[in-house]
Amino acid sequence: MSQPTSEPKESPAAAAAGSADTTPAPRRASRTGWFDVPAPLARLFRRFPLVTYPANHLPVRSPTHRHLPTLYVFSSDYDAVRGLPSFNPSCLKWQTFLKLAGVEFRIISSTNHASPTGALPFLIPPSSSGDSGSQVPVPSNKLERYALDHGAQKVPDIDTLRLEAYQSLLDHRIRNAWLYTLYLSPANSQLLSKLYVTPVSATGLVQMTVRYQLQRAAEAEILQSVGAVKVDPEVLYRDAEQAFDALAAALGSGDWFFGNSGPGLFDAALFAFTHLLLDESLPWVDTRLGDSLRKFKNLVDHRDWILAKCWPELSAQ
């Protein structure tokens with residue numbers, strides 16, 4: 001910020017001329033505006049000039065490998081540093097698909113508040129010198145295109161109508177049961193706290209508010225999906241098991257859905273649920289949804305194959 005300049009002092013010649021002429025000179029209109037510095041502050045700045053300090057260093061957890069794209073997901077800091085699977089199905093779907101497509105990337109633990117769209121995940125492309133638009137965030141609805149354009153592996157194409165028919169089983173029946181299992185089942189209350197409540201704040205009142213908001217949002221989504229006025233867990237679990245049955249029939253004896261030679265987007269979407277339900281590191285207490293899944297061996301094998309392909313270090317454990 002530049003310092004305000006002082007008014008020039010009157011010269012001796014001008015002072016003399018002024019004393020000879022007693023007619024008062026017209027006063028110049030004072031020019032004041034919103035951005036003028038008040039006189040007391042101006043005098044203070046002249047006496048104590050402002051100092052510009054060097055910029056602070058970036059936080060330790062800020063990206064350092066800017067040559068790699070960064071995927072922001074729900075995760076713990078510990079898991080994010082190691083690139084482990086997100087505990088959120090929406091995030092894990094795209095984390096898995098990027099891996100299947102052969103995209104090299106790193107992940108950072110984040111929240112919905114940090115997302116340009118208000119929801120995770122989103123991806124920041126690697127920085128490119130001289131290109132200010134190279135790091136425009138990529139929202140989740142554009143991640144498929146990004147993976148296809150930047151991946152080293154070819155991902156099989158799937159007929160849109162066929163995909164939508166089976167995707168609806170994941171988006172409604174299985175997701176509804178998932179929402180109840182994690183957010184509304186009293187037995188899994190501690191797991192909900194571990195994943196989504198405790199990381200927000202250590203204050204009891206804040207945690208209580210966050211938990212209430214999460215549970216009400218989950219309940220509202222379920223009721224809107226099923227068109228009911230009350231959540232019935234037995235109906236949700238029954239519908240989810242029927243969905244697993246239909247998906248197991250669609251997979252058949254093949255390794256991947258729709259007879260493809262390799263895994264695609266739908267395989268990643270299903271894995272996002274099946275892996276979390278079968279993940280022994282998550283302390284599930286109400287295991288009804290996971291128990292239904294275990295009845296279909298080919299779906300369990302499907303999860304194990306993708307885990308071995310994307311996270312071989314976990315598969316070997």
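I checked confidence first: this is a predicted model, and pLDDT (the predictor's confidence in each residue, from 0 to 100) averages 85 over the chain, with 78% of the residues scoring at least 70. Over residues 1-31 the pLDDT is below 50, and this stretch has 13 contacts (heavy atoms within 4.5 Å) beyond near neighbours in sequence. Where pLDDT is low, the predicted coordinates should not be read in detail.

I noted the ground rules: residues are numbered from 1 along each chain as its sequence is written. Local features need pLDDT of at least 70 and side-chain atom pairs 80 or more, while totals for chains, interfaces and linings use all residues, and side-chain values use heavy atoms, with hydrogens and water left out.

I then listed the secondary structure, which comes to 13 helices and four strands, taken as DSSP runs numbered from the N terminus (helices H or I, at least four residues; strands E, at least two).

I looked up helix H4, which covers residues 89-100.

I inspected both ends of H4: at its start a side-chain oxygen of Asn88 reaches to within 3.1 Å of the backbone nitrogen of Ser90, and the helix is followed by Gly102, whose phi is positive, near 80°.

Conventions: The expected span of a helix is 1.5 Å times one less than its number of residues. A polar contact is a pair of N or O atoms within 3.5 Å; within protein, one must be able to donate a hydrogen and the other to accept it, and residues adjacent in sequence count only if both atoms are side-chain atoms.
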